[in-house]
Amino acid sequence: MTQIPFALTIYYSFFSWNLLKEGSFRFSGLDNYSRLLTDESIRTAIFNTVLLTLSVIAFSVVIGLGVAMLLNSEVFGKGLMRTLMIAPFLIMPTAGALIWKDTLLNPLFGLLPYLLSPFGLSRVDWVNQFPMVTVVAVEVWRWTPFMMLIILAGLQSQNLEILEAAKVDGANAFQTFRRITLPLVRPFIELGALLGSLFVVQTFDSIFMLTYGGPGEDTTNLPFLLYLVAFQGFSIGQASAIGVVAVIITTIVATFALRTLFSIFQVEGRR
Amino acid sequence: MIASSVDGRRAVISKVVWSVVGWLVVFIFFFPVLWMWLESLKTEPQAASSPPTILFAPTLAEFQEVLSGDFPPFFINSAIASIGSTLLVLILALPAAYALSIRPVKRTRDVLFFFISTRFLPFAASLVPLYLLARDLHLLDNIFALVLIYTTINLPLGVWLLRSFLLEIPNDLFEAARVDGAGFFRELTRIVVPLIAPGIAATSLICLIFSWNEFFYAVNFTSSVAATAPIFLVGFISGRGLFYAKLAAAATLASLPVLLAGWIAQKQLIRGLTMGAVK
């Protein structure tokens with residue numbers, strides 16, 4: 001049911017078709033694809049997609065791992081900490097992006113420029129001066145709780161006896177982390193990173209709300225470019241070709257994700 | 001004795017230190033949400049002041065403003081789209097998951113793989129054809145189109161999730177029921193549904209989260225009549241520093257259902273997000 005539209009996308013990608021021009025539907029072979037190769041916008045969009053995805057996943061996995069380890073150790077109010085921590089993931093992405101943009105980062109009325117004023121960063125217009133940094137920051141804020149939840153579940157399934165044994169053997173905290181904790185939660189980190197990247201590759205909401213792909217094309221990723229081409233330019237064929245490229249990129253990531261998913265299911269099954 | 005009391009004190013100190021660090025990190029992550037709530041309780045001049053207002057007398061005026069204005073239809077559309085699609089997913093996914101676990105059909109693994117691969121297809125892959133289809137069926141700006149789209153988006157997830165719960169039911173239960181002469185329908189209503197109630201909860205939660213917060217299709221397929229809550233927020237993009245309190249109130253209301261559902265069903269959340277792989 002959901003594969004048929006994609007087949008149609010491939011079909012349309014071989015045609016030149018402007019939705020606003022009557023009778024402009026005609027076969028154009030690989031024109032849309034050859035245009036993709038020469039087009040500056042698509043290269044920028046691919047670059048931005050990869051940059052955004054890699055940095056969001058890297059930061060959120062590292063911070064998520066740290067928070068998960070904190071929540072797995074002896075601390076006060078674990079339950080409440082976890083509850084508050086997952087809020088950014090549950091908040092509607094469009095709402096979260098607007099709150100960041102207008103009430104936290106706005107150079108005139110925002111809280112962050114005010115808090116940073118003692119450091120001489122008072123009037124930094126984050127959204128316009130550092131658009132990609134802003135989008136990455138908001139997405140990291142949103143995806144860290146996701147990573148934290150998955151890694152925490154991994155930590156909690158750890159065998160405590162092994163940790164005790166390591167302590168008895170005189171391993172220090174860093175050794176225990178590197179030799180025991182990290183290998184044990186590795187499958188969970190991988191799963192989180194891969195599932196997360198499948199979502200982050202599709203980032204659209206926060207870009208639409210924060211920067212609208214700009215300034216210029218600085219934060220235009222593939223989904224946003226497709227939106228612009230299809231619904232601002234009404235070039236159905238060209239948009240379809242972009243869709244096909246997006247699918248190819250995602251498929252590469254998804255293949256790894258599914259392999260990880262199946263291997264975890266098999267480990268579970270063996271127990 | 002002395003050694004153990006030193007150990008004990010060290011444990012307490014380390015607990016306090018890590019608690020402080022932990023709460024600091026959690027505070028930073030939760031702060032934007034807290035700030036959204038605070039802004040929503042301010043008056044407009046307080047919300048757009050420089051320096052920002054920290055101390056103020058809370059007011060619900062902006063909530064009243066939002067609720068008495070044009071927001072409710074958007075909220076209702078969101079409810080129809082997400083609840084409708086969640087129900088459809090449950091109705092369709094339960095038999096499918098049953099066929100793939102309790103009474104496995106041929107080539108189960110391939111079917112599973114096919115199912116889940118559709119969830120991983122980017123929205124970009126199907127946007128154009130679905131848009132043209134909706135246009136030709138006169139379903140643009142019709143909430144029914146969103147119900148159908150969200151159903152297809154969430155269906156693979158539902159099948160996987162429910163299957164992971166079904167696999168946990170011991171086979172003996174079914175054997176016993178069949179020996180007692182229970183038919184398929186009885187088996188389903190008396191054994192399957194009660195035992196996988198947590199699974200149904202997890203599936204509903206995940207479907208609700210994804211469909212309630214969905215924006216890409218909503219912004220392209222609706223304009224006014226069928227527009228959902230996130231579309232309402234788009235109207236604030238151009239509002240240059242004039243409606244922060246109203247924006248915060250609307251954002252709070254729009255986020256509330258998923259936030260509450262996610263908080264209540266935290267245990268189901270992790271399992272749902274990983275499609276049943278992580279418990």
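Here are some friendly notes on this structure, which is a predicted model.

1. **Chain A at a glance.** Let's start with the make-up of a single chain. Chain A contains 14 helices and two strands. Of its 271 residues, 47% are buried. If you look at contacts in chain A between residues at least 6 apart in sequence, 71% of them join residues at least 24 apart.

2. Helix α9 of chain A covers residues 131–156, which is 26 residues. How far apart should its ends be? At 1.5 Å a residue the helix should span 38 Å, and its end C-alpha atoms are 38 Å apart, so the two values agree.

3. **How the chains meet.** Chain A gives 74 residues to the contact between the two chains, and chain B gives 63 residues. On the chain B side, the elements that give two or more residues are α1 (2–40), α5 (108–120), α6 (123–136), α11 (216–221), α12 (229–234), α13 (244–264) and α14 (266–273). The largest share comes from α1(B), with 15 residues. Sorted by class, the side of chain B that touches chain A has 45 nonpolar, 15 polar and three charged residues.

4. **Two domains in chain B.** Which residues link them? Four residues of domain 1 of chain B are in contact with seven residues of domain 2 of chain B. The domain 1 side of this contact is made up of two nonpolar residues, one polar and one charged.

5. **The largest nonpolar core.** This core has 152 residues, and those with the most contacts inside it are A:Leu226, A:Ile242, B:Leu146, B:Ala250 and B:Ala251. Both domain 1 (2–40) and domain 2 (63–273) of chain B give residues to this core, so it lies between them.

6. Leaving aside neighbours within four places in sequence, A:Leu226 is in contact with A:Ala239, A:Ile242, A:Gly243 and A:Ala246 from chain A. From chain B, A:Leu226 is in contact with B:Ala124 and B:Leu127.

Terms used:
Residues numbered from 1 in each chain as written. Chains lettered and ligands numbered in written order. Predicted model: local features only at pLDDT ≥ 70, side-chain atom pairs only at ≥ 80, totals over all residues. Helix = DSSP H or I, 4+ residues; strand = E, 2+ residues; numbered from the N terminus. Nonpolar A, V, L, I, M, F, W, Y, C, P; charged D, E, K, R; others polar. Expected span 1.5 Å × (residues − 1). Core = buried A, V, L, I, M, F, W, Y, C linked by C-beta atoms within 7 Å. Buried ≥ 20, exposed ≤ 12 C-beta atoms within 10 Å, placed from the backbone. Domains from an automatic or database assignment.
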